[in-house]
Amino acid sequence: MKKVIAFDLGASSGRAMVGELNNNSISIREIHRFLNEPVLVSGTLYWDVLRLFHEMKKGLLKAGSEGDITSLGVDTWGVDFGLLNAEGKLLENPVHYRDTRTKGILKAVQEKMGLEDLYRITGNQLMEINTAFQLFSLAVFRKDVLDRAKTLLLMPDLFNYFFTGKSYGEYSIASTTQLLEAGESKWSGEVLQALEIPGELLPEIIPSGTVLGPILEEIREELNLMPINVVAVAGHDTQSALVAVPAEEKDFIFISCGTWSLMGTELDSPLINEKSAGYNFTNEGGYGGKVSFLKNLTGLWLIQESRRWWEKEGSSYSFSQLEQMAEEAEPFLCFIDTDKEEFALPGNLPERIRNYCRDSGQRVPVTPGEIVRCIDESLAFKYRTVLEEIGDCTGLSYERLYMVGGGINSALLCRMTACACGKEVMAGPVEATVYGNVALQFAAAGDIDGLPALRSIIRQSADIAVYSLKEQNEWQEAYNRYKAVLSNGTV
């Protein structure tokens, strides 16, 4: 029996999980959980990266009682980064992608490089939060920071550097930046030059699943550990989760459902054309050279942030309580565009949702249950819209949807997705990102051979729920109303 540690850092929390491989079955177990709360200082929103690394070391300490651990892997969210100076020291805490420094920046970018050319080269969905635009903001407004920087490391690469002292760029996380040539393991000189980003900042790119080597001796001595290898797993959490999608068919649709919903399909090469550009799809690199043709969608952030606001008002609800209240609320009361810019920032989301519904001539949700039901139904219809767009781009039809991630703890959302999309939904594993992280560590050690074998083992290891479609006529009528709201701004 072999054991590894997966560090899985999301936008609101992080975990240390022990994974074990035994008789072609993987089991996982949480040993440490910690908050990941951004800090607002002098108008800038930062990640508290040193606290996060401290908590990861706590996870290693707790793992000491688990017996021999052979390796560790780190996965995180995409696009954000830290900058190191010439001495290898962190210049400042990484800035949060929800910080306002890139708000409205695409207009300035267009003066340097056409957005069509930017998409053609990188294949990345045009989003203001992307690394390229964060760096362009620095080049324009804080050039002194770039002048002092020697190396840029994306978040999982930064933690790998803290553990090993080695600075590399893992392929999957690099592909989130809008700086990588689509389908290639090289940075785009054309994009870097146009946006005035120093190319020497960017590290050498390595494949997902590369063994970086042992943790630093100083960390071993501090924590009294045996040697542990660090594996550069698919550092973008979406790509680790995709490894764990339990699909047997070649062509399938996945939804990695958490704070963000990432929905797409897996391809052998990038898909970049007028349709994909018009729909604003991204092409992300994955394990084994695969490409994820997907779209980044606002996900459970809407419910998470609404819940935080209700807590500020003195009403504390668990997610299960909110789901039950949504279950009991009137169906198809109102709909929102879940990706609307006004819903992206922290604050009073319930009131923004009410205002959106009021301004679009819909009935206004009042209770928490009505608001959560509005969010869930709108997300389910957003998934259907993206499903139709994927089919239009690929020319393929798909038998079912595979939903993974923490969002599938909501049976209501899974059932709504099946009904809205008219497809069977296979939901699981909940811990897809961790399963993928762990499985890639075992693959790096030679214990599992290839992506089909990885997925086969995960199918045997994880619980998968099945949701069938029903009430199709009612959902079709509601979908037509949803589309009218989003296209016309009114019912």
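Q: Okay, which residue in β12 does Pro 214 stand opposite?
A: Pro 214 faces Asn 229 in β12. Before we go on: this is a predicted model, where local features need pLDDT of at least 70 and side-chain atom pairs count only at pLDDT 80 or more, while totals for chains, interfaces and linings use all residues. Residues are numbered from 1 along each chain as its sequence is written, and side-chain values use heavy atoms, with hydrogens and water left out.

Q: Thanks. How do β11 and β12 pair, parallel or antiparallel?
A: They pair in the antiparallel sense, over 4 bridges. Two strands pair here if DSSP finds at least two bridges between them. Strands (E, at least two residues) and helices (H or I, at least four residues) are DSSP runs, numbered from the N terminus.

Q: What's the order of the strands in the open sheet?
A: The sheet has 6 strands in the order β3-β2-β1-β6-β12-β11, with mixed pairing. β3 (25-35) and β11 (210-214) are at the edges with a single partner strand each, so one side of each lacks a neighbour in the sheet. From one strand to the next, the twist averages 25°.

Q: And how many bridges join β1 to β6?
A: Strand β1 (residues 2-9) and strand β6 (residues 71-75) are joined by 5 bridges and run parallel. Phe 7, for instance, stands opposite Val 74 in β6. β6 also runs parallel to β12, joined by 3 bridges, and Leu 72 has Val 230 in β12 as its bridge partner.

Q: Which helix packs on the sheet?
A: That's α17 (residues 432-444), which touches β1, β2 (13-22), β3, β6, β11 and β12 (229-232). Contact means heavy atoms within 4.5 Å. The direction of α17 makes about 135° with that of β1; axes are lines fitted to C-alpha atoms, for helices over the stretch in contact, and angles run from 0 to 180 degrees between N-to-C directions.

Q: Switching to helices: how many residues of α16 are buried?
A: 9 of the 11 residues in α16 (residues 411-421) are buried, so the helix is mostly covered. Buried means under 20% relative accessible area, exposed over 50%, and partly exposed in between (1.4 Å probe, protein chains only). Among the buried ones are Leu 412, Met 416 and Cys 421.

Q: What follows α16?
A: Gly 422, with a positive phi near 65°.

Q: New topic, charges! How many salt bridges are there in the whole structure?
A: A search finds 34. A salt bridge is a side-chain nitrogen of Lys or Arg within 4 Å of a carboxyl oxygen of Asp or Glu.

Q: Where do Lys 295 and Glu 389 lie in the chain?
A: First, the pair itself: their side chains meet in a salt bridge at 2.8 Å, N to O. It links distant parts of the chain, with Lys 295 in strand β16 (residues 291-298) and Glu 389 in helix α15 (residues 368-394), 94 residues apart. Lys 295 and Glu 389 are both buried.

Q: And is Asp 147 buried or exposed?
A: Asp 147 counts as exposed because its relative accessibility is 54%. Asp 147 forms a salt bridge with Lys 143, the closest N and O atoms being 3.0 Å apart. Lys 143 is partly exposed at 48%. Both lie in helix α5 (residues 143-148), 4 residues apart, about one turn of the helix.
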